[in-house]
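Here are a few notes from going through the model, in numbered points. Have a look at it first, then read on.

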Amino acid sequence: MTSNARCSMRQLGVLAIATISLTACATVASKPRVTTACPPVVEYSREFQARAADELDLLPEGSAIAEMLANYSVIRRQAMVCR
């Protein structure tokens, strides 16, 4: 082995030890940050809600719109809890 090869091996060893030592210094595991964005909830007046209820009563039984409004109601409650 030439003297250059021995020097190169020594540098590689020092680099490996330094890398292992620095890795061991990490005290906290890296965790991804999760942010929650709550959608805004539109507030409706009592009069507007009463008008919507009257219009909903006019829809035929089993209406697709009535089912969609029921789903929307659940989503609104979830958004309110999120805030």
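How many helices and strands does the protein have? Three helices and zero strands, where helices (H or I, at least four residues) and strands (E, at least two) are DSSP runs numbered from the N terminus.

1. Ground rules. This is a predicted model, so local features need pLDDT of at least 70 and side-chain atom pairs count only at pLDDT 80 or more, while totals for chains, interfaces and linings use all residues. Residues are numbered from 1 along each chain as its sequence is written, and side-chain values use heavy atoms, with hydrogens and water left out.

2. Overall layout. Going from the N terminus, the elements run α-α-α. Buried residues (under 20% relative accessible area; exposed is over 50%, partly exposed in between, with a 1.4 Å probe and protein chains only) make up 5% of the 83 residues.

3. Helix α3. This one covers residues 64–82, 19 residues in total. From first C-alpha to last it reaches 27 Å, close to the 27 Å expected at 1.5 Å a residue; the expected span is 1.5 Å times one less than the number of residues. At the start of α3, a side-chain oxygen of Ser63 comes to within 3.2 Å of the backbone nitrogen of Ile65. That is a polar contact: a pair of N or O atoms within 3.5 Å, where within protein one must be able to donate a hydrogen and the other to accept it, and residues adjacent in sequence count only if both atoms are side-chain atoms.

4. Arg76. I'd look at this residue of helix α3. Arg76 is buried yet has no salt bridge, meaning a side-chain nitrogen of Lys or Arg within 4 Å of a carboxyl oxygen of Asp or Glu. The nearest side chain of opposite charge, Glu43, is 5.0 Å away (Lys and Arg count as positive, Asp and Glu as negative; His and the chain ends are not counted). What the Arg76 side chain does reach is the backbone oxygen of Val42, at 2.8 Å. Leaving out residues up to four places away in sequence, Arg76 touches Val41, Val42 and Tyr44, with contact meaning heavy atoms within 4.5 Å.

5. The salt bridge. The count comes to one: Glu55 with Arg51, closest N and O atoms 3.3 Å apart. Glu55 is partly exposed, at 44% relative accessibility.

6. The disulfide. There is one in the whole structure (a pair of cysteine sulfur atoms within 2.5 Å), joining Cys38 to Cys82 with S to S at 1.8 Å. Cys38 lies in the loop between α1 (3–24) and α2 and Cys82 in helix α3, so the pair ties together parts 44 residues apart in sequence. The S-S torsion is about -75 degrees, so the disulfide is left-handed.
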